[in-house]
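These are my notebook entries on one structure. I set down what I looked up, entry by entry, for a reader new to it.

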Amino acid sequence: MEARTECPGRESVCCSYKQKVADLLYWKDLKTSAIVLTGLMLVLLSLSQFSVITVVSYVTLLVLCATVSLRVYKKILQALHKSDGANPFQEYLDMDMFVSKEQLQKYVETIILYFASLVKELRRLILVEDLVDSIKFAVLMWLLTFIGAVFNGLTILILAVISMFTIPLLYRQHQAQIDQYVGLVTAQISDIRAKIQAKLPSAKSKAE
């Protein structure tokens, strides 16, 4: 039985959104996850062929065609006395979209906190607070130059979306085997890192 995160009242909205995203990525509702993944892939593949304005315009037109057609269909049924003619989207029109000042402030504070943490970490890596971490960061940036030469940003985004909808599910299905291999790799990396740090002059001087 899967445990769900208990959230205090102040963070209940944020926690609810996180739970919905987790359910989406873990395919708790097969139909919803399939619709979201298909929609995202169609939009991203369209963006790879057409401009943003063109894609947004066509998507909006398709949605409008669907909603207007359904609204007209309901009106026809009303004229034939087979329906009350109520707006089929009334429940969405009645949804409360208002964001309180407290909620808005909380979201802004969260964004600022994440941004400040990112800046602090980049400062630590670029200004070489830890030599090993900075070297690993440099190697990562060097590898990214090769990835950037092969893929553009949109292709990487498409691969990221596919990974988001497949990797969590695969991990849940094969968690024991994956954890075993990850543990072995982590142990090897920790061993190599310890050997490198032991040979660095800065590490020796700190030990003394």
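**Entry 1**

I looked up F146 and found a relative accessibility of 46%, so F146 counts as partly exposed. On this scale buried means under 20% relative accessible area, exposed over 50% and partly exposed in between, with a 1.4 Å probe and protein chains only. The model is a predicted one, in which local features need pLDDT of at least 70 and side-chain atom pairs count only at pLDDT 80 or more, while totals for chains, interfaces and linings use all residues. I note also that residues are numbered from 1 along each chain as its sequence is written, and that side-chain values use heavy atoms, with hydrogens and water left out.

I then looked for aromatic pairs, taking rings of Phe, Tyr and Trp (its six-membered ring) with centres within 6.5 Å; planes under 30 degrees apart count as stacked, over 60 as edge-to-face and the rest as tilted. The count came to two pairs.

F165 is buried, at a relative accessible area of 4%.

W142 and F146 also form an edge-to-face pair, with 5.0 Å from centre to centre and 90 degrees between the planes. Both residues lie in helix α6 (residues 131-150), four residues apart, which is about one turn of the helix. W142 is exposed, with a relative accessible area of 51%.

**Entry 1: the protein as a whole**

I recorded nine helices and zero strands. Helices (H or I, at least four residues) and strands (E, at least two) are DSSP runs, numbered from the N terminus. Of the 208 residues, 11% are buried.

The accessible surface comes to about 16900 Å², and carbon and sulfur atoms hold 69% of that surface. The area comes from the Shrake-Rupley method with a 1.4 Å probe; for residues, only the protein chains shown count as cover.

I next looked up contacts, meaning heavy atoms within 4.5 Å. Among contacts with a separation of 6 or more, 48% join residues 24 or more positions apart.

**Entry 2: helix packing**

Two packed helices are described by the angle between their axes and the distance between the axes. Axes are lines fitted to C-alpha atoms, for helices over the stretch in contact, and angles run from 0 to 180 degrees between N-to-C directions. Angles under 35 degrees count as roughly parallel, over 145 as roughly antiparallel, 65 to 115 as roughly perpendicular and the rest as oblique.

How do α2 and α7 lie to each other? Their axes come within 10 Å and cross at roughly 170 degrees, and the two helices are therefore roughly antiparallel. The residues that meet include L37, L40, M41 and L44 in α2 and I158, V161, I162 and F165 in α7. I sorted the residues of this contact into 13 nonpolar, one polar and no charged. Ala, Val, Leu, Ile, Met, Phe, Trp, Tyr, Cys and Pro count as nonpolar, Asp, Glu, Lys and Arg as charged, and the others, Gly among them, as polar.

I162 and M41 are 121 residues apart in sequence, with their C-alpha atoms 8.4 Å apart in space. I162 is partly exposed, at a relative accessible area of 38%.

For α7 and helix α8 (residues 175-199), the axes come within 5 Å and cross at roughly 100 degrees. That makes α7 roughly perpendicular to α8. L170, Y171, R172 and Q173 in α7 meet Q175, I178 and D179 in α8. These residues divide into three nonpolar, two polar and two charged.

Helix α5 (residues 101-126) packs against α6 at about 100 degrees, with the axes 8 Å apart. On the α5 side I found L122, R124, L125 and I126, which meet D133, S134 and F137 in α6.

Most residues other than glycine have a negative phi. In W27, phi is near 60 degrees, a positive value. In V128, phi is near 55 degrees, also positive. V128 lies in the loop between α5 and α6 and, at 41% relative accessibility, counts as partly exposed.
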